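The sequence and coordinates come first, and the description follows.

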Amino acid sequence: MVLVADDNEVAQRLCRRVLEKAGYSVLIASDGLQAVDLALAQNPNVILMDVAMPGMDGLEAMRRIKAERPEMRIVIASAHSMASDRERFLAAGADDVLSKPFRLGDLIDVVQKLTAKPSA
Amino acid sequence: MLPGRGPSGVVMFRRPGLVRRATPYAAIAAVLAIALATGASSLVVFPLFAIVVLSVALFDDRPQLFAVGAASALAILVISVAQLGPTSNLATAVFEVTVLGVVGASVQEVVRHAREAEGSAEKKVGELESIDHRLRLTLEAATIGLGVAMADGRWVEVNQRLAAMLGRSREDVMQAGLLDVMADTDRGIVGDALGKLARREIVRWESEVEQSARDGRRIPVALALAAISDSGSSEPLILVQEADISARKRLDAMRDTVVAVRQVIVTANSWDQAAPALLASLCTHLDWDAAQYWTVEGDRHALKLRSSWHTEASNVDGLDDPARNLSIEAGGGLVGRVWQSGVAAAMDDLAANDFEQASAERRAGLRAAVAFPVVSAGATIGLVELLARGVKHTENDLLSMLSTTGVEIGQFIQRAETEQALRRSEADHRAIYEHSPIGIARVTSEGELLEGNRALLHMLEHDLDAMRSQAWPDLLRAYDQAAGRARLAPLLAGITDQRSVQVRAATGGGRWLWLQLTATSIPDATGRPEHVLVMVEDVTTVRETQDRLAEALDSQRSANATLEKLDRTKTEFLSIVSHEFRTALTGIQGFSELIRDGGLEADEVRAYGGYIFNDADRVNRLIGDMLDLDRMESGRMSIRVTDVDINEVMSDVMTRAGSSSAVVVEFKADLDPRLPIVAGDRDRLVQVLSNLVNNAVKYSPDGGTVTLSTRAEGAFALMSVTDTGLGIPPDEIGHVFERFRRVRSGAAQSIPGTGLGLTIVKQIVEMHGGKIWVESAVGHGSAFHFTIPLAKEHATPLQRRHA
């Protein structure tokens, strides 16, 4: 199960379409707070987390989730893709970083990689 | 044999008297016996008796005479009686006795008188002899030279003292005569004096003269000549008294020297000026013929001749020979030795010494020398050498006097040098003061202006009087005020240490200057401020430049801050813009990839195409807005101001917004029909209103009313777009006009937008010279108001559009 946390509807639809097609069940959260609630309630295998979201941003949400469930895999998928951003996100605890816009294959790869390990 | 040796001595003394006494009686007895034996008449033996009596009478011993006479008379009578002669014989005998008695008495009387006369004469001679003796003793014992001379000067008598004074034996003096022992220079006047005494024109003559001793030295004496009155002789004897006054003379000379040296020193300004006079003084008063001054050269390895003097009479040219300007090594010659030892020394006779250095002096005919060091601060800085043609015995007291003089000269040189340095320094300071480009004021400790230099008066365009009475007190007050502001002490409070303050002051010509005042107090000997020096600098140019610089610096700083902020904003902006673009591109890229890969249903393709279109459109708008904003902010966009009927623009925008089928809001217009024409760019104003109306619609997702209103507000038209939508949270309302600051909380989060619209709106309004602001309450909606200036020629509300 993959939780997609993004305030952008287009992004939500794209991720849902791609991941469901790849065989994952997809949960959608539109802001950080929602993401934290859903993550703790549903225990998704991987969370695809946007950063710039209204209210609680993605990094804060990730911090809270990791505090509760350190083993939960979180991929930061952000349009903040300056050179320094990737390091910033990894340092904040992300398991992987996906820059927007992304190739659909990359999305599936990163999710597969993260779901394969713990379940295997 | 000495008397009183014993009893036998007494007997021996008496024996002659006894013999003398007994002898006449024995003679009488003998004559008597003879007469009796021979029977000679008394007349025959009478002469014998007479001889005895006369002999006794000659001895002037009256009792003896009487006794002898009586004995003789008795003997005559015995003879007369014994011969039993006639009575005439007795009478003869009586006659004889009488004659004997008379003769004896007479002779005795004569003898007595003779004896008495002889005794008194002897006594007289004795008295005379003792007087003469006493006189001689007195003469010899006298502490002065005494003598008796004839009127022509030949000595009758001189005492030992006088001879000793002249360094001669008495016999020498006696042979020489008074005039011969006089010095050449004084012989004339003494001769004159003797002449006058001889002619009895005067009875006494006194003077201080010089005599020459055997060795040629000149001896000053106090000479007194007195005529001894002798009525019997035609020419009087002269009593000569001489006192050796050389000691006094020397003391006098030394005292005079000291006085003269001081006088020279006191009146001279520098040693170079004083040296010749001083050397001359020493020579004149101490009776030397030449003098030289040597200085110790700076490197202290040699002496150099700096000054010399000699009497006019002295032929000492050799001393002035330039060749002598050679330096003297320490220890060389008298001068060198004195330099080395630092102690005054003399050489009574150069000829008797074998110093190489003496050769020049010897050539110059100089025989005696004395040298003393000139001492300053314990160090020998120079030497004075005195030279004389004759042999001169230099006493120790002269040496010590010269040593003292050397110290005095040293002190003088030091003082003169100090004074000269002071004078030079004073002159320097005076020159600095006079010619300084900085104004300098000398102020009493009470603040009164003592003097001000040219620069000060010129700077403040005052003369000294005006300066003193008016400008200076003003300046002082200004100083104290400025000092007070700077938390400094007032100018006259105690010792100041070069504090500076800047004050504003008016010149006599009415110009205003910035003056920098720097006060320095000059302490007196006790350390209290005696007066204050105030430096006055015209810092107007500096100050103004400074002010301008500070201004420029300020603006530079703020420009820098703006630039920094701009730079930050730019980075931030870039980050935001790229984020916006990538977000939009995420959909575009992702869905186009899906479509490209195929295998989609037709309605899926259509839907994805729609997403792609929307995001592409959004990107396009974003680019458009950004370019607009950039042009506006960089000033490259200008507005073309024309007369605009804002009510008409409002209606137009409202109509277009309402035409959209998606719109669920209700539009209301509240336009002031009397609103005058405004001055604006119609296209831009349409852009502003469209933006505001679109926002109002967007943020009213649940429908509601959007009201557009206009009215005149002074010289402006006030336009409002009011909705009944979501409203803006209070923490965001202050940022709505900033770039990319979109309200995205709650229900607003999914409302699309570039985040640049309101920023552009604000720019456009401000370019028109208007203002924009917003009122809002969450859940109740927002009201955006903006003003645009009215067109000037239409600025009266009565003028109608289309009129």
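In this predicted model, A:Pro101 lies in the loop of chain A that runs between strand S5 (96-99) and helix H5 (104-119). The peptide bond leading from A:Lys100 into A:Pro101 is cis, with omega near -10 degrees. As background to both positions, most residues other than glycine have a negative phi, and most peptide bonds are trans.

In chain B, helix H19 (residues 682-698) takes part in a contact with helix H18 (residues 646-659) and in another with helix H21 (residues 757-767). Two packed helices are described by the angle between their axes and the distance between the axes, and the table sets out these values for the two pairs.

| Helix pair | Axes come within | Crossing angle |
|---|---|---|
| H18(B) and H19(B) | 9 Å | roughly 45 degrees |
| H19(B) and H21(B) | 9 Å | roughly 145 degrees |

With its axis crossing at roughly 45 degrees, H18(B) is oblique to H19(B), and the crossing of these helices is right-handed. On the side of H18(B) the contact is made by residues including B:Ile646, B:Val649, B:Met650, B:Val653 and B:Arg656, and on the side of H19(B) by residues including B:Arg682, B:Leu685, B:Val686, B:Leu689 and B:Val693. By class, this contact of H18(B) with H19(B) has 9 nonpolar, 1 polar and 4 charged residues.

The crossing of H19(B) and H21(B), in turn, is left-handed. Here B:Arg684, B:Gln687, B:Val688, B:Asn691, B:Leu692 and B:Asn695 in H19(B) meet B:Gly757, B:Leu758, B:Ile760, B:Val761, B:Ile764 and B:Val765 in H21(B). By class, the contact of H19(B) with H21(B) has 7 nonpolar, 4 polar and 1 charged residues.

Between the chains, 24 residues of chain B are in contact with 23 residues of chain A. The size of an interface is often given as the accessible area lost when the parts come together; chain B and chain A bury about 2100 Å² between them, with 58% of it on carbon and sulfur atoms. The rule finds 1 salt bridge across this interface, and the side chains of A:Arg17 and B:Glu604 meet in a salt bridge with a distance of 3.3 Å, N to O.

Methods: Residues are numbered from 1 along each chain as its sequence is written. Chains are lettered from A and ligands numbered from 1 in the order in which they are written. This is a predicted model: local features need pLDDT of at least 70, side-chain atom pairs count only at pLDDT 80 or more; totals for chains, interfaces and linings use all residues. Side-chain values use heavy atoms; hydrogens and water are left out. Axes are lines fitted to C-alpha atoms, for helices over the stretch in contact, and angles run from 0 to 180 degrees between N-to-C directions. Helices (H or I, at least four residues) and strands (E, at least two) are DSSP runs, numbered from the N terminus. Angles under 35 degrees count as roughly parallel, over 145 as roughly antiparallel, 65 to 115 as roughly perpendicular and the rest as oblique. A crossing is left-handed if the near helix is turned anticlockwise from the far one by less than a right angle, and right-handed if clockwise. Contact means heavy atoms within 4.5 Å. Ala, Val, Leu, Ile, Met, Phe, Trp, Tyr, Cys and Pro count as nonpolar, Asp, Glu, Lys and Arg as charged, and the others, Gly among them, as polar. Buried area is the accessible area (1.4 Å probe) that two parts lose on being put together, summed over both. A salt bridge is a side-chain nitrogen of Lys or Arg within 4 Å of a carboxyl oxygen of Asp or Glu.
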